[in-house]
Amino acid sequence: MTNAQVVTFDIANGTFDFYTKEQWDNQVQEWRDELFGSNMIEDRDIVDEMDEYEVVDCMYGEELFVDYIPEDVK
């Protein structure tokens, strides 16, 4: 059993990815760095203030869905 807390679904290829809290935080930070590095958003402060849903939307639009996995699933 995994301790995944976040799941993404990529509508383009039909895949699910599961992340622990630490993995998710690292992935979102990588996407922030990519947004800033690609000059899609030129102000680092704006990128750093974006929540994870805004980051995902900028990176993937409506291609990637994100949801949190409840801890008390039975």
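This is a predicted model: local features need pLDDT of at least 70, side-chain atom pairs count only at pLDDT 80 or more; totals for chains, interfaces and linings use all residues.
Student: Let's start with the overview. What does the secondary structure come to, and in which order do the elements run?

Tutor: The protein has 3 helices and 3 strands. Starting at the N terminus, the order is β-β-α-α-α-β. The C-alpha atoms fill a box of roughly 45 × 25 × 15 Å along the principal axes, and buried residues make up 27% of the 74 residues.

Student: Why is Glu 42 called exposed?

Tutor: Set its value against the cut-off. Exposed means over 50% relative accessible area. Glu 42 has 65%, so Glu 42 is exposed. You will find Glu 42 in the loop between helix 1 (21–37) and helix 2 (44–49).

Student: What makes Glu 42 part of a patch of negative charge?

Tutor: Asp and Glu count as negative, and a patch takes residues with over 30% relative accessible area and no salt bridge, with like charges joined within 9 Å. Glu 42, at 65%, is over that 30% cut-off. On the surface, Glu 42 gathers with Asp 43, Asp 45 and Glu 49 in such a patch.

Student: Why are Asp 25 and Lys 21 called partly exposed?

Tutor: Partly exposed is the range between buried, under 20%, and exposed, over 50%. Asp 25 has 36%, so Asp 25 falls in that range. Lys 21 has 43%, so Lys 21 falls there as well.

Student: How many salt bridges does a search of the whole structure find?

Tutor: It finds 3 salt bridges. One of them joins the side chains of Asp 33 and Arg 44, at 2.6 Å from N to O. Asp 33 lies in helix 1 and Arg 44 in helix 2, so this pair ties together parts that are 11 residues apart in sequence. Asp 48 also forms a salt bridge with Arg 44, with the closest N and O atoms 3.1 Å apart. Asp 48 and Arg 44 are 4 residues apart in helix 2, about one helical turn.

Student: What makes Asp 33, Arg 44 and Asp 48 a network?

Tutor: Arg 44 forms a salt bridge with Asp 33 and with Asp 48, and in this way the residues are linked in a network. Their accessibilities are 38% for Asp 33, 24% for Arg 44 and 39% for Asp 48. These values lie between 20% and 50%, so each residue counts as partly exposed.

Student: Which residues touch the most other members of the largest nonpolar core?

Tutor: They are Trp 24, Trp 31, Val 55 and Val 56, out of 13 residues in this core. Helix 1, helix 3 (52–60) and strand 3 (64–68) are the elements that give two or more residues to the core. Helix 1 gives the most, with 4 residues. In soluble globular proteins, nonpolar side chains tend to be buried together.

Student: Why is Tyr 60 only partly exposed, while Asp 72 counts as exposed?

Tutor: Tyr 60, in helix 3, has 31% relative accessibility, so Tyr 60 falls between 20% and 50%. Asp 72, in the segment after strand 3, has 59%, so Asp 72 passes the cut-off of over 50%.

Student: How far apart in space are Tyr 60 and Asp 10?

Tutor: Their C-alpha atoms are 9.1 Å apart, although the residues are 50 residues apart in sequence. For Asp 72 and Gly 37, which are 35 residues apart along the chain, the C-alpha atoms are separated by 39 Å.

Definitions and conventions. Residues are numbered from 1 along each chain as its sequence is written. Side-chain values use heavy atoms; hydrogens and water are left out. Patches are made of residues with over 30% relative accessible area and no salt bridge: like charges are joined within 9 Å, nonpolar side chains (Val, Leu, Ile, Met, Phe, Trp, Tyr) within 5 Å. Accessible areas come from the Shrake-Rupley method with a 1.4 Å probe; for residues, only the protein chains shown count as cover. A salt bridge is a side-chain nitrogen of Lys or Arg within 4 Å of a carboxyl oxygen of Asp or Glu. The place of a charge is taken as NZ of Lys, CZ of Arg, CG of Asp or CD of Glu. Buried means under 20% relative accessible area, exposed over 50%, partly exposed in between (1.4 Å probe, protein chains only). A nonpolar core is a set of buried Ala, Val, Leu, Ile, Met, Phe, Trp, Tyr and Cys residues joined through side-chain atoms within 4.5 Å.
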